[in-house]
Amino acid sequence: QVQVLESGGESVSPGGSLRLSCEVSGNNYNTYYLAWFRQAAGKDREGVAAIRRGFGSTDYAASVEGRFTVLEDNSRNTIFLLMTNLQPEDSGMYYCAAGFQGALGPGAARLPDRFNYWGQGTRVNISS
């Protein structure tokens, strides 16, 4: 059984910052990549950031490049999403995903159908 648990979402003003956390537990899942996704009301789920475990290599959506940073803490099997200069369009439910499958390639780790395990999400609301 694989469990994915996100935390850290809250309401902040535009220009503010947040740190989201994702802890993954369990066995027998592909740990090659962990990723953050977000979904706003009425929109498709968007891959925000991904990190290749143990290597530290990262991949970001263009909409968050330079503002968001994904980090890992292998000792705790946890990744973080550091978000700065938040804007109203960053609002939504943020999900962490594990269990990457399929071929590697540019942007592959930000595709929702490449992951088997998902958390329940943590809500981020940016408003003045």
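Leaving aside its neighbours within four places in sequence, with which residues is C96 in contact? Contact here denotes heavy atoms within 4.5 Å. On that criterion, C96 is in contact with V4, E6, C22, A35, W36, I79, Y117, W118 and G119. The structure is a predicted model, in which local features need pLDDT of at least 70 and side-chain atom pairs count only at pLDDT 80 or more, while totals for chains, interfaces and linings use all residues. Residues are numbered from 1 along each chain as its sequence is written, and side-chain values use heavy atoms, with hydrogens and water left out.

C96 is placed in strand β9; helices (H or I, at least four residues) and strands (E, at least two) are DSSP runs, numbered from the N terminus. One of the contacts of C96 is C22, and these two cysteines are joined by a disulfide with an S to S distance of 2.0 Å. A disulfide is assigned to a pair of cysteine sulfur atoms within 2.5 Å, and the structure holds one. The link of C22 and C96 is left-handed, with -80° about the S-S bond. Because C22 lies in strand β3 and C96 in strand β9, the pair ties together parts that are 74 residues apart in sequence. C22 counts as buried, at 0% relative accessibility, and C96 likewise counts as buried at 0%. The classes are buried for under 20% relative accessible area, exposed for over 50%, and partly exposed in between (1.4 Å probe, protein chains only).

Strands of a sheet pair through backbone hydrogen bonds, either parallel or antiparallel. Here an open sheet of four strands has the order β1-β3-β8-β7, with antiparallel pairing, where two strands pair if DSSP finds at least two bridges between them. Its edge strands, each pairing on one side only, are β1 (3-7) and β7 (68-73). On average, neighbouring strands of this sheet are turned by 15° against each other, direction ignored; for such angles, axes are lines fitted to C-alpha atoms, for helices over the stretch in contact, and angles run from 0 to 180 degrees between N-to-C directions. β1 and β3 (residues 18-25) run antiparallel and are joined by five bridges. Q3 has S25 in β3 as its bridge partner, and S7 has S21 in β3. β3 also pairs with β8 in the antiparallel sense, over six bridges, and C22 stands opposite I79 in β8.

A nonpolar core is a set of buried Ala, Val, Leu, Ile, Met, Phe, Trp, Tyr and Cys residues joined through side-chain atoms within 4.5 Å. The largest such core has 26 residues, of which W36, F68, V70, I79, L81, M83 and Y94 touch the most other members. Two or more residues are given to this core by each of β3, β4 (33-39), β5 (46-52), β7, β8, β9 and β11 (122-126). The largest share, four residues, comes from β3. Leaving aside neighbours within four places in sequence, Y94 is in contact with residues including L20, W36, F68, L81, M83 and V124. A second, separate core of nine residues includes Y33, A50, A97 and F100.

D90 counts as buried, at 0% relative accessibility. Not counting residues up to four places away in sequence, D90 touches R38, R67, F68, N85, V124 and I126. With R38 there is a polar contact between the two side chains, at 2.8 Å. A polar contact is a pair of N or O atoms within 3.5 Å; within protein, one must be able to donate a hydrogen and the other to accept it, and residues adjacent in sequence count only if both atoms are side-chain atoms. D90 and I79 are 11 residues apart in sequence and 19 Å apart in space, C-alpha to C-alpha.

S91 is placed in the loop between β8 and β9, and is buried, with a relative accessible area of 17%. The side chain of S91 reaches the backbone oxygen of P88 at 3.0 Å and the backbone nitrogen of I126 at 2.8 Å. Beyond its neighbours within four places in sequence, S91 is in contact with A40, V124, N125 and I126.
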